[in-house]
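Work through the following exercises with the sequence and the model open beside you.

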Amino acid sequence: MRDMDADQFVVEIVRDLLAQAAPQELSLFEDTCDAYFANPGKMLKGQEGQEEPLGFDIVSSTSALLITPAVLAIVDQITRMIVDRVAESGTASKLLQKLHLTRRAPEKVTLPLNLTPEQMKQVHQAALEKARQCNLPKAQAELLADSLVGKLAMMNV
Amino acid sequence: MIVHPQVNDHRPRLNPFIFPSDTDFRFIMLFVVTIAATLLVYSFLYGVFPTNAQVLDRAYISCHNQACVISAYQVVAEWAGLGVALLLSAAGAIYWLFPIWKIWRGGFKPLHSSNMPPDLMELLSDLCRLSGVPRPPTFLLNPYSSASSGVAFGRFGRRYIVLHRGMMILFQSDRPAFRAIVLHELAHLRNADIDKTYFTISIVWSFVLTVLLPWVVSLFLGGWTADLIFTLGWRVLVLTVSIYLIRNAILRTREVYADVRASMWDGPQGALDRIFQSMPRPKVSPWRLWLRTHPDPEKRWLVLEDTFSLFRQSFWDAFVAGIIVTIILSNVVFFVSLIIPVYAGMANLREIATGIIAAPLVAGIVGLGMWRAVFAKQARSEGQPGILQVTLGLVLGLLLGQPLSLGAFGQASGFFLGWEETHLFPTLPELTLSFLAQAFLILLAGVFLLILMFLFLRWAALGATIWLTIAGRAPSPRRFYWLWLVIASGVVGILLAELSFYSQISRETLITPILQQRIQADLGVPTSNPVIVTLYFVVNGLTLDPFIALLFAGLWAYPLAGWFWRRRMTTVGDASWAFLDTSSQPRQDIPLYQAPFRLRLALIVGLAGGLAYCAIILFFIYGLKIHLTVADGMLLAVLLQGGIAPIVAGSARRLPVLHGLFAAFVAGCIMSIGLTAIVLFNQDHITLAVAWKVIARLHGDDGVFRTIINGGAFLALLVGPIVSALASWVRRLQSRQQKVFKPAA
């Protein structure tokens with residue numbers, strides 16, 4: 001058994017998933033991950049952007065179909081489920097986290113995962129639900145959920 | 001996707017970059033109106049403190065002369081000045097720190113080889129070289145946005161271009177589109193949009209923090225009635241909203257200019273065209289379009305195809321400019337009156353100072369707008385642009401903007417028109433007279449403003465027509481229109497100031513019998529009719545005003561100076577700077593035919609007229625032994641100029657009225673010198689001291705030179721157009737008759 005940093009765990013899983021689903025996004029992967037962990041809400045909200053002076057007109061511009069943030073969000077949520085994030089932060093540290101002045105306390109994932117088939121099913125369902133919230137197309141969401149479950153299964157032993 | 005009708009029969013695109021954009025002057029206008037509003041609000045804030053108000057009231061009551069009042073109110077002026085210093089300091093700090101804050105807030109990361117696709121840095125360097133920006137910007141990545149877009153920002157010495165995450169994918173999937181978008185952002189740097197935009201944003205924020213906020217706080221300190229709060233509040237609200245909407249309109253225009261600039265680099269095979277055609281129209285309600293800082297993609301595409309629309313002036317542009325300018329004028333004159341006393345010899349100095357401050361905005365926005373319109377028409381050989389719509393817009397804006405100004409509230413008077421009563425408790429006849437006088441003056445002032453602004457724009461178009469044809473052989477028309485701008489600012493400043501001063505004075509005179517009596521006595525007016533007394537006062541004042549002489553000189557000097565370069569004139573369409581896209585056809589250098597200048601004729605007639613005047617005076621004194629007073633001499637000089645000017649105006653086919661003015665000026669100078677010499681030679685002893693005394697008396701106290709020059713110019717302006725119109729009609733008649741009687745070939 002070995003412990004692994006939860007964020008690092010998320011990064012590795014997402015990298016593997018992107019290598020199959022969207023290899024063209026790997027060049028931006030590290031910066032996107034850093035930005036996601038710094039401010040997950042902004043990352044997921046910022047898909048449409050806001051009009052700014054001296055921009056090119058972000059409202060009318062096309063947005064590239066980038067799935068990295070969505071995949072990060074899915075895997076992050078699943079990881080939290082696995083780790084069972086119930087660490088009770090104090091009010092002050094929660095406030096600091098809200099203001100993005102501190103990050104969440106690093107948590108650990110213990111390998112192998114030892115997930116039961118029932119838990120794997122829950123993971124699959126949660127992944128699909130999160131993908132729907134992130135507005136991923138249905139086919140892509142299912143492919144991701146399947147890949148994720150497959151990847152976790154490999155880490156189960 | 002937008003389906004576009006076939007636009008542009010592939011005519012070459014006019015070059016919009018040879019003139020300063022009117023948005024440059026609108027940025028300055030926003031800056032100035034914010035400062036003007038700050039001066040006013042801080043002046044009001046000074047009086048919020050009860051002790052301050054009591055001190056001012058005591059000083060006003062105890063003061064017996066104007067210098068004393070000015071001295072007492074000096075502290076208010078200093079307080080207001082401090083307010084402006086605070087505004088500018090805060091704006092400077094916001095402007096300087098804004099890029100740091102934006103980078104931190106946005107979570108932007110520097111672009112480097114590890115976080116971008118291969119070859120991207122090389123392409124960005126190539127594009128920077130292509131755009132010719134003096135210093136390449138720092139490129140940043142916005143990892144939070146998947147839009148295929150970018151943003152330019154920065155401060156002096158630090159320029160940034162942020163590329164959103166979607167651009168990295170675009171680089172791999174559609175490189176021409178990536179290239180076009182980056183060129184658009186580089187165009188903002190090249191067009192110098194960053195400092196103007198972000199300083200405007202900074203000063204608006206600073207205004208909110210250092211002016212609006214203190215004013216709102218002061219409402220709770222007492223001393224403000226509900227009526228006062230409402231009266232001031234709605235003006236502040238309208239001003240703030242207007243500034244925001246004007247800012248957005250300016251930014252929309254800057255986007256279009258950036259598109260045009262980028263298209264020059266992108267080339268006809270570039271992707272910019274395709275991008276706008278495929279861009280969806282923003283799905284916002286019509287009123288929210290006013291809040292956007294980007295124009296409709298269809299409009300952007302249309303301008304890319306044909307830049308002609310960038311050279312048109314609209315009624316609404318002129319109307320908004322008029323409103324803001326008159327707000328500036330009304331606010332600034334309130335402040336200027338705190339610091340500049342009224343001098344006996346130059347009662348209109350405050351108005352002149354105020355007019356000169358605001359005049360460059362009028363000249364820059366509508367005056368240079370006329371230059372752009374003339375250029376566009378001439379380059380396409382389409383005649384002259386219309387003037388009436390722009391004039392109407394400008395004048396309506398100037399008049400209707402007055403009640404909006406804070407200064408108007410403070411003085412119960414706008415820059416052009418007043419509406420205050422003369423007594424605290426007027427009687428019914430006084431009130432009726434006041435109302436009728438004001439209604440009459442509003443109408444009169446409006447008509448005068450309309451005529452003056454129409455003539456100003458006509459003069460601007462004339463100047464542009466002449467000098468653009470001369471500039472056709474120069475590498476750029478810049479120095480020609482910048483010189484015009486300086487002269488035009490003086491002309492407009494004096495026009496607006498004089499109209500303001502005399503409309504206010506006339507209003508006072510018409511409703512104040514004591515003032516009428518004093519003027520009647522001072523000027524020897526033969527009647528006590530208020531209208532005639534007022535007219536005498538106005539004419540006397542204008543005739544003695546040295547600024548009027550400057551105004552007339554400016555009017556004829558700039559257009560007629562084109563005579564010296566008449567051989568260089570060519571069609572505007574042949575100028576190397578006229579079009580964006582170099583034509584494959586060789587330049588034709590077609591010489592331009594226009595009716596000739598008659599400057600030599602005007603000079604000779606003016607000289608002859610001046611000398612004839614001297615001969616007549618000498619004949620009266622030594623021939624007929626008739627004693628003539630200096631006043632008789634001046635009157636004769638003015639009347640003779642009224643005859644000289646039409647002779648020239650009737651003979652010249654090109655700029656006849658201006659030729660007539662020039663001839664009158666030459667004659668007036670000779671007449672002034674002649675009259676001075678005759679008076680001097682009639683002295684018992686002629687020494688330097690005596691000569692100086694005579695000159696000082698004649699031209700200082702009596703205003704001989706000013707009266708002759710100004711009086712002659714007014715008469716020339718009255719008679720010249722009539723004679724020139726008659727002469728033109730006769731020439732047309734003769735031309736028709738010749739055609740009728742010409743035997744068939």
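**Exercise 1. Determine how helix 20 and helix 22 of chain B are oriented towards each other, and describe the residues in their contact.**

Solution. In this predicted model, begin with the axes: those of helix 20 (residues 599-623) and helix 22 (residues 656-681) of chain B come within 8 Å and cross at roughly 30°. Angles under 35 degrees count as roughly parallel, and helix 20 of chain B and helix 22 of chain B are therefore roughly parallel to each other. The crossing of these two helices of chain B is right-handed.

Next, list the contact: helix 20 of chain B contributes residues including B:A602, B:G606, B:G610 and B:Y613, while helix 22 of chain B contributes, among them, B:F662, B:V666, B:I670 and B:G674. Sorted by class, the contact between helix 20 and helix 22 of chain B has 18 nonpolar and 5 polar residues, with no charged residues.

**Exercise 2. Check the span of helix 20 of chain B, then identify its buried residues and what covers them.**

Solution. Helix 20 of chain B has 25 residues, for which 36 Å is expected at 1.5 Å a residue, and the distance from its first C-alpha to its last is close to that, at 34 Å. Its buried residues are B:L599, B:A602, B:V605, B:G606, B:G609, B:G610, B:Y613 and B:I617. Beyond the helix, finally, comes B:K625, which has a positive phi near 55°.

**Exercise 3. Repeat the span check for helix 18 of chain B and name its buried residues.**

Solution. The 15 residues of helix 18 (residues 530-544) of chain B should span 21 Å at 1.5 Å a residue, and the end C-alpha atoms are 21 Å apart, which agrees. The residues buried in helix 18 of chain B are B:P530, B:V533, B:T534, B:Y536, B:F537 and B:T543.

**Exercise 4. Describe chain A and the side of it that touches chain B.**

Solution. Start with the elements: chain A has 7 helices and 2 strands, arranged along the sequence as β-α-α-α-α-α-β-α-α. Of the 157 residues in chain A, 33% are buried.

Turning to the partner, 29 residues of chain A are in contact with 39 residues of chain B. Helix 2 (29-38) and helix 3 (40-45) of chain A each supply at least two residues of this side, and helix 2 of chain A gives the most, with 5 residues. By class, the side of chain A that touches chain B has 11 nonpolar, 12 polar and 6 charged residues.

Technical notes
Residues are numbered from 1 along each chain as its sequence is written. Chains are lettered from A and ligands numbered from 1 in the order in which they are written. This is a predicted model: local features need pLDDT of at least 70, side-chain atom pairs count only at pLDDT 80 or more; totals for chains, interfaces and linings use all residues. Axes are lines fitted to C-alpha atoms, for helices over the stretch in contact, and angles run from 0 to 180 degrees between N-to-C directions. Helices (H or I, at least four residues) and strands (E, at least two) are DSSP runs, numbered from the N terminus. Angles under 35 degrees count as roughly parallel, over 145 as roughly antiparallel, 65 to 115 as roughly perpendicular and the rest as oblique. A crossing is left-handed if the near helix is turned anticlockwise from the far one by less than a right angle, and right-handed if clockwise. Two residues are in contact if their C-beta atoms, placed from the backbone, lie within 7 Å. Ala, Val, Leu, Ile, Met, Phe, Trp, Tyr, Cys and Pro count as nonpolar, Asp, Glu, Lys and Arg as charged, and the others, Gly among them, as polar. The expected span of a helix is 1.5 Å times one less than its number of residues. A residue is buried if 20 or more other C-beta atoms lie within 10 Å of its own, exposed if 12 or fewer, and partly exposed in between; C-beta atoms are placed from the backbone.
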